[in-house]
Amino acid sequence: MFRYLITTLFLLACSPAKVWAVEFAGDVFLIGQSVAVNGSAGALPTQPFSPSQHMVFPSEQPRERLHAFEVNALPLFGSLSRAYNAAATVSLDSQSQISAYYSILADDGIQLRPLLRGTREERMNDPSLRPTNCSDCGTFLTNMVTSTGLNFARSYTLLLPRSQISHRPIPLQLSVGGTAKYFIEDLWDGDYTAQNLNLDAGVGLNFFWDYHPVTRLSSRNIKFILSAFELLPTAQIEDFGGARIREAIDTRWHYTFIWEEDFPWLESRLALSAQQRTEGGRWPGMGAEWNFRNSLFVRGGFRSGFFNAGASLSYRLVSVHYAFIHHELATTLYQVSLQVRWP
């Protein structure tokens, strides 16, 4: 089944039609971060595992079987944009799961402006090149971005031997995953559309450093995650004013390190993380999360010059999340989500 699924995702992602390449100076659209980070600087998968986390961690998989449904919103804040997401995860068995997500991003603040002729110097010297009127300049258009994704992740449990024979081997969880994704951007009542199909992939290593064979718990975990985005050599296809443009998309890489440490006397767990992104500049993102009784989660982080903060409250099968965070696509500064899970 795994072989057939990967083949299907690959053929789906390779399907966009070829068009003639045209030089274009615009920005390539990047599917942004998931609400799963919940204010942890994008470097830390949330502990109440989120179905939409595969947008930034394609290989991340819970340690137990999980069925969950999630709705997220970046609400209207003044004249800022809005985003609404839905995601679901279904465990096929104790090692495999499928996740799907759907996202809508709306921005109503796109203003019509006249197309200027010539260069700035030419317009300074030739008044006929300057716009004489702009009857439509008071018109604002809505930009809609819709994205979907389908992720498959699988984990394997291995034993890492130690140098001294008297020490117990360290359980190692190897997780791999891939996400086929599609997005379309449309300027309503305008003359611009853009779309792309592509494939993300990831691999993760989780060392249960202090694993106890009787309780089957580990009070110290060390995790490495490598995520790759836009792996296939496809292009973003844009229709701009009747012209078809094909713009290449570069592959992005995220390198994530996470350290988790239990504090039994406080009934808490502290997680520290760092993430370096190829599109994120020279300084890595940093994040921390404090987990109290697996019920209250408080997070904070710093990435790309922005401070993020968030919290989650989990009770039995329901968890609620809030974050004050700089979203890469929307201009909204805060986001909320609700997740329901069942065994």
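Is Gln97 buried or exposed, and what is its relative accessible area?

Author: This is a predicted model. Gln97 is buried, because its relative accessible area is 2%, and the cut-off for buried is under 20%. Gln97 belongs to strand β3, which covers residues 96-111. Beyond its neighbours within four places in sequence, Gln97 is in contact with His54, Glu60, Gln61 and Pro62, with Thr89, Val90, Ser91 and Leu92, and with Asn151, Phe152 and Ala153. One of these residues, His54, also has a polar contact with Gln97, side chain to side chain, at 3.3 Å. The C-alpha atom of Gln97 lies 8.9 Å from that of His67, and 30 residues separate the two along the chain.

Gln275 sits in strand β13, residues 268-277, and is buried at a relative accessible area of 3%. The side chain of Gln275 makes a polar contact of 2.9 Å with the side chain of Thr256. Residues up to four places away in sequence aside, Gln275 touches Gly42, Ala43, Phe57, His254, Tyr255, Thr256, Pro284, Gly285 and Arg303.

Phe57, among the residues touched by Gln275, is also part of the largest nonpolar core. That core has nine residues: Val37, Leu44, Val56, Phe57, Ile225, Ile258, Ala271, Ala323 and Ile325. A second, separate core has five residues, including Leu74, Leu105, Val145 and Phe183. In soluble globular proteins, nonpolar side chains tend to be buried together. Within the largest core, Val37 touches Leu44, Val56 and Ile325, and also Gly42 and Arg299, with residues up to four places away in sequence not counted.

Arg299 leads on to the salt bridges. Arg299 pairs with Glu289, and the closest N and O atoms are 2.4 Å apart. This pair links distant parts of the chain, with Glu289 in strand β14 (residues 285-292) and Arg299 in strand β15 (residues 296-303), 10 residues apart. Both Glu289 and Arg299 are buried. Salt bridges with shared partners join Lys181, Asp200, Glu230, Arg252, Arg277 and Glu279 into one network. Within it, Glu279 bridges to Arg277, with 3.6 Å between the closest N and O atoms. Glu279 is partly exposed at 30% relative accessibility, whereas Arg277 is buried at 8%. Asp239 and Arg244 form another salt bridge, their closest N and O atoms being 2.6 Å apart. Asp239 is partly exposed, with a relative accessible area of 24%, and Arg244 is partly exposed at 40%. The whole structure contains 13 salt bridges.

Nonpolar side chains also occur on the surface. Phe69, Val71, Leu317, Val318, Val320, Leu338, Val340 and Trp342 form a nonpolar patch there, with about 630 Å² of accessible area together. Strands β1 (67-74), β17 (318-324) and β18 (334-342) are the elements that give two or more residues to the patch. Of these, β18 gives the most, with three residues. Phe69 comes from strand β1 and is partly exposed, with a relative accessible area of 39%.

Notes:
Residues are numbered from 1 along each chain as its sequence is written. This is a predicted model: local features need pLDDT of at least 70, side-chain atom pairs count only at pLDDT 80 or more; totals for chains, interfaces and linings use all residues. Side-chain values use heavy atoms; hydrogens and water are left out. Helices (H or I, at least four residues) and strands (E, at least two) are DSSP runs, numbered from the N terminus. Buried means under 20% relative accessible area, exposed over 50%, partly exposed in between (1.4 Å probe, protein chains only). A polar contact is a pair of N or O atoms within 3.5 Å; within protein, one must be able to donate a hydrogen and the other to accept it, and residues adjacent in sequence count only if both atoms are side-chain atoms. Contact means heavy atoms within 4.5 Å. Patches are made of residues with over 30% relative accessible area and no salt bridge: like charges are joined within 9 Å, nonpolar side chains (Val, Leu, Ile, Met, Phe, Trp, Tyr) within 5 Å. Accessible areas come from the Shrake-Rupley method with a 1.4 Å probe; for residues, only the protein chains shown count as cover. A salt bridge is a side-chain nitrogen of Lys or Arg within 4 Å of a carboxyl oxygen of Asp or Glu. A nonpolar core is a set of buried Ala, Val, Leu, Ile, Met, Phe, Trp, Tyr and Cys residues joined through side-chain atoms within 4.5 Å.
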